[in-house]
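I opened the model to look up strand pairing and aromatic contacts. My entries follow.

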Amino acid sequence: MTRRTARLATALTAAALLLTACTGSGESGGAEPAAHPVFSAPPARQVLLALRHTQETGGAALRQTVTFTAGRTTAVRTVSGRVDFAGARGEASGGWRIAPGFPEEARDVLLGNLVALRTGATSERYAVDSRAVHYRAGSAAYWLRYEGDIEPLPGLDAVSVLRGTESAVGGTLLEVLSGVRPQAGGGTRPDGGRTYRADFPLAQAVDLFPMDVREELVAAPLHASSPGAPVPVTVEVDAEGRITRARADLAAVLPTEEDSALAGVTGLRVDLSLSAFGPPEPAVDTTPDGRVLDAGRAVVPMYEAATGDCVDLDTGMRHRRLVTRVSCDGPHDVRITGQHTLDTAYPGPGAALDLAEEACAGEEEPGGRLAWSGQREWRDLREGRVTCYRLS
């Protein structure tokens, strides 16, 4: 019995040592380390999982630059703001910095084809949630509230690009990252994060821009299977699996036609950075203080403004014939001095200008200007419209 008991004790001791070697003791080891929320997945899914993990942090601060290059000059749009992923809301401000010598026609397209201010809006603020988009031009003392179907003119909607699907603030590279195709597993960085080289379909790149700019890019319609080079993108993910930066070369979406307004633009890059992860402090507020106008009533085609009305030109819709009616007692861009109808078929651009100038010839206002229907608008209205106005 003594020998048998000794042999049994020896066997149990050996088994215990073997188990300790495999699992570790309570003091020096423990359970297997938890799988990483991103890097433990197959390489093809890691960027998508990083996007989802970033959204699960609750919120982030973002900053994005879009750089159009023409020769040695650039036009740069910068957007910065905060997003509340959990609450599906965000706020941002945007602005342009255009270097001297940048092609004038391309500048007008990028800034928005405003009828009188040829340089267009240079800055704006907006607040976005699932119910509405609040837009405020840099020079305005009020917000415009867009909700429901945003289409003051048929087929026109430049405001919806401000609302995203992956983030409340739209038009950023977050919108395309769920569909990127990593070329391989991310390269490990010294900080424990990873950098991915990937690409995404051309059609998704076009969707990052307002409708009027899209019309100047590659021919539409585009689909995920459309021909054309895929758009290359670099995505940086930190050690915790959160996206901190994404950079894309969008030169593939630039037009090749010589008659395009963007024909002189040869480079297009987008650079997005994210920081300050976690629920935003203070909380994102999408019900701005101050004066708020219902865009459904305040924003109208210029030809609907009555003679003597005062209007502002930047509605967020980027259209030369849309204006916001405001009181003439306060600041305003334009005072309407006359409205005229041209009851004839569209005569061509040169003759249309002659008719418009003739209609406004009797308006002897200092600094007087005029706007008239283009071919598409003339066709939709079944007649031409001419507005005479004076800049304030």
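Through how many residues does a hairpin join strand 4 to strand 5? I found 3 residues.

I worked on a predicted model, where local features need pLDDT of at least 70, side-chain atom pairs count only at pLDDT 80 or more, and totals for chains, interfaces and linings use all residues. Residues are numbered from 1 along each chain as its sequence is written, and side-chain values use heavy atoms, with hydrogens and water left out.

**Strands.** I took strands as DSSP runs of E, at least two residues, and helices as runs of H or I, at least four, numbered from the N terminus. Strands pair if DSSP finds at least two bridges between them. Strand 4 (residues 123–128) runs antiparallel to strand 5, with 5 bridges. I noted Glu124 bridged to Ala137 of strand 5. Strand 5 also pairs with strand 6 (residues 143–147), antiparallel, over 4 bridges. Val133 has Tyr146 of strand 6 as its bridge partner.

I then checked burial (buried: under 20% relative accessible area; exposed: over 50%; partly exposed: in between; 1.4 Å probe, protein chains only). In strand 5 (residues 132–137), 5 of the 6 residues are buried, so the strand is largely enclosed by the rest of the structure.

**Rings.** I paired rings of Phe, Tyr and Trp (its six-membered ring) with centres within 6.5 Å; planes under 30 degrees apart are stacked, over 60 edge-to-face, the rest tilted. I got 3 aromatic pairs. Tyr346 and Trp378 are edge-to-face, because their centres are 5.4 Å apart and their planes at 70 degrees. Tyr346 is partly exposed at 26%; Trp378 is buried at 3%.
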